[in-house]
Amino acid sequence: MLDVQAFMDGDEEALAGLIAEMTPPLMKYSFSILLNYSDAEDAVQTAFFKAFVGRSGLRDPGALSAFLYRITYNASVDIARKRRFVVPRDRRPDDSGYLSETLRA
């Protein structure tokens with residue numbers, strides 16, 4: 001069982017318990033957004049870090065789960081946005097042959 005107050009007080013053992021308990025559902029949630037296991041892991045790790053650092057911003061300890069889901073959502077969306085704007089060097093429009101390859105596809 002998770003000791004929310006210990007987590008709020010900065011107890012690292014409580015953080016470890018939170019990670020053990022919440023990683024599987026947060027991974028499912030993040031994966032449903034990103035469709036990539038590695039990116040979902042990054043989002044969940046980021047969420048736990050931000051939750052621990054920003055735990056003083058949690059006004060209602062009973063809302064810890066919602067707090068984690070919100071942070072995970074934001075981390076997942078940030079990763080999705082970064083991934084969307086990455087264009088591989090060999091597929092940029094200014095490369096010779098790009099237009100002819102695109103028209104053939």
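Which residues does Ser-76 touch, not counting residues up to four places away in sequence? The close-ups below start there. This is a predicted model, where local features need pLDDT of at least 70, side-chain atom pairs count only at pLDDT 80 or more, and totals for chains, interfaces and linings use all residues. Residues are numbered from 1 along each chain as its sequence is written, and side-chain values use heavy atoms, with hydrogens and water left out.

**View 1. Ser-76 and its contacts.** Ser-76 sits in helix α4; helices here are DSSP runs of H or I with at least four residues, numbered from the N terminus. Leaving out residues up to four places away in sequence, Ser-76 touches Ser-30, Ile-33, Leu-34 and Ala-43, where contact means heavy atoms within 4.5 Å. Ser-76 counts as buried because its relative accessibility is 0%. The cut-offs are under 20% relative accessible area for buried, over 50% for exposed, and partly exposed in between (1.4 Å probe, protein chains only).

**View 2. Ile-79 on helix α4.** Helix α4 spans residues 64–84 and holds Ile-79. With a relative accessible area of 18%, Ile-79 is buried. Set aside the neighbours within four places in sequence, and Ile-79 is in contact with Leu-34, Asp-39, Asp-42 and Ala-43. Take the pair Ile-79 and Leu-34: they're 45 residues apart in sequence but 8.0 Å apart in space, C-alpha to C-alpha.

View 3. Phe-31, Leu-35 and Tyr-37 make a nonpolar surface patch of about 360 Å². Patch members have over 30% relative accessible area and no salt bridge; nonpolar side chains (Val, Leu, Ile, Met, Phe, Trp, Tyr) are joined within 5 Å, like charges within 9 Å. A salt bridge would be a side-chain nitrogen of Lys or Arg within 4 Å of a carboxyl oxygen of Asp or Glu. Tyr-37 belongs to helix α3 (residues 37–53) and is exposed, at 53% relative accessible area. Leu-35, in the loop between α2 and α3, is exposed too, at 65%. Leu-35 isn't a glycine, yet it has a positive phi of about 55°. Most residues other than glycine have a negative phi.

**View 4. A negative patch around Asp-11.** Asp-3, Asp-9, Asp-11, Glu-12 and Glu-13 form a negative surface patch. Asp and Glu count as negative, Lys and Arg as positive, with His and the chain ends not counted. Asp-11 lies in the loop between α1 (4–8) and α2 (12–34), and is partly exposed at a relative accessible area of 33%.

Conventions. Accessible areas come from the Shrake-Rupley method with a 1.4 Å probe; for residues, only the protein chains shown count as cover. Helices (H or I, at least four residues) and strands (E, at least two) are DSSP runs, numbered from the N terminus. The place of a charge is taken as NZ of Lys, CZ of Arg, CG of Asp or CD of Glu.
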